[in-house]
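Please look over the sequence and the structure below before reading on.

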Amino acid sequence: MVKIENEFLSAEINLHGAELSSLVNKDNGIEYMWQADPAIWARHAPVLFPIVGALKDDQYTYQGKTYHMTRHGFARDLDFTVAKQSADAVDLVLTDSAATHEKYPFAFKLTLSYKLDDHDISVRYTVENPADETMYFSIGAHPAFNMPLDPDAQFEDYSLNFEPELERQRVGLVGKYADFNAAKTVNENHTPLTHDLFKDDALIYVLNGRDTTLSLESKTAQHGVALRVIGAPYVGVWSNYPKPGNYVCLEPWWGVADGPDADGDLIQKRGINELAPRADFKAGFNVSIY
């Protein structure tokens, strides 16, 4: 476990999966991250790489070969190493190996950068392609925030809010697959939280790369959280169902699950990112607590 802190915040990041496991407001001792109750959902904030969501039949094809990979990829289950650390920041790195090549044939270097600034934490992804061939990948975040944050509040006291306030496309779901044929235009900028909101799994919104802030806040509770998405094409919102957990995940995605009609070709996969030889890809988001 790696710890970083400043005057206002302390954060702990697990080297296993580079997962943000704790984010505490030092002013009042409030823990903002879900503490991974194994009876509900045993993760805090997994890193989704090199896919986001599920592949159809948990497999894809590339250059005539079929590869098998389960939901959200393998980075969340591997150990990262510390590349650089200071009191309030840390860079963690994962590179390809013989084990990753069995599921994913590309060379890569993935860097997760965490930095505290006042009451904010920034999370940055850098994907580097060290090879002489084009690389195809997706990446995303899955941070789970405690709800409620105030000891006297309830889950249902909070709402999910979007800024700017716009009509957006919400993607349909067929089991674990994203059905864009069933997408509909919605105005869901202020949605009261209920556990039943997640009875059909995640809410998936199309952002089209527009910088967007999602917040979880209450008119009656004092504390909340806001996540600013930087240039992501999609965002997911999720909590466990039917066994409810007192948390909500706000998930910026540079990729998306296969649709039920996906043909399995990695190059043609919806939401895939194409990275040229010797190039890099940068993305990220900021979390503010209050």
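How many residues lie between β8 and β9 in the hairpin that they form? There are two residues between β8 and β9. Strands here, like helices, are DSSP runs numbered from the N terminus (strands E, at least two residues; helices H or I, at least four residues). The residues themselves are numbered from 1 along each chain as its sequence is written. The model is predicted, so local features need pLDDT of at least 70 and side-chain atom pairs count only at pLDDT 80 or more, while totals for chains, interfaces and linings use all residues; side-chain values use heavy atoms, with hydrogens and water left out.

Strand β8 covers residues 81-86 and strand β9 residues 89-95; five bridges join them, and they run antiparallel. Two strands pair if DSSP finds at least two bridges between them.

Another hairpin is built from β6 and β7, with two residues between the strands. Strand β6 (residues 59-62) and strand β7 (residues 65-68) pair in the antiparallel sense over four bridges. Y62 has K65 of β7 as its bridge partner, and Q63 in this hairpin takes a positive phi near 50°.

Four strands form an open sheet in the order β1-β2-β3-β4, with antiparallel pairing. β1 (2-5) and β4 (30-31) stand at the edges and have a single partner strand each, so one side of each is left without a neighbour in the sheet. In a regular strand the side chains alternate between the two faces of the sheet.

Within this sheet, β1 pairs with strand β2 (residues 9-14) over four bridges in the antiparallel sense. The two form a hairpin with three residues between them, and the bridge partner of E5 in β2 is S10. β2 is then joined to β3 by six antiparallel bridges, with I13 opposite L20 in β3. The hairpin of β2 and β3 has four residues between the strands, and G17 in its turn has a positive phi of about 85°. Strand β3 (residues 19-25) is joined to β4 by two bridges, again antiparallel; here V24 has E31 of β4 as its bridge partner.

Is S113 buried or exposed? S113 is buried, with a relative accessible area of 18%; buried means under 20%, exposed over 50% and partly exposed in between, using a 1.4 Å probe and protein chains only. The side chains of S113 and D91 are joined by a polar contact of 2.9 Å. Such a contact is a pair of N or O atoms within 3.5 Å; within protein, one must be able to donate a hydrogen and the other to accept it, and residues adjacent in sequence count only if both atoms are side-chain atoms. Leaving aside residues up to four places away in sequence, S113 touches V90, D91, S122, V123 and R124, where contact means heavy atoms within 4.5 Å.Last, a search of the whole structure finds one cavity of 30 Å³ or more. A cavity is a set of points on a 1 Å grid over the protein atoms alone where a 1.4 Å probe fits but cannot get out; its volume is the space filled by probe spheres set on points joined across faces, edges and corners.

Technical notes: 1 Å grid on protein atoms, 1.4 Å probe; cavity = no way out; pocket = protein on both sides within 12 Å on 5 of 7 lines; lining within 4 Å.
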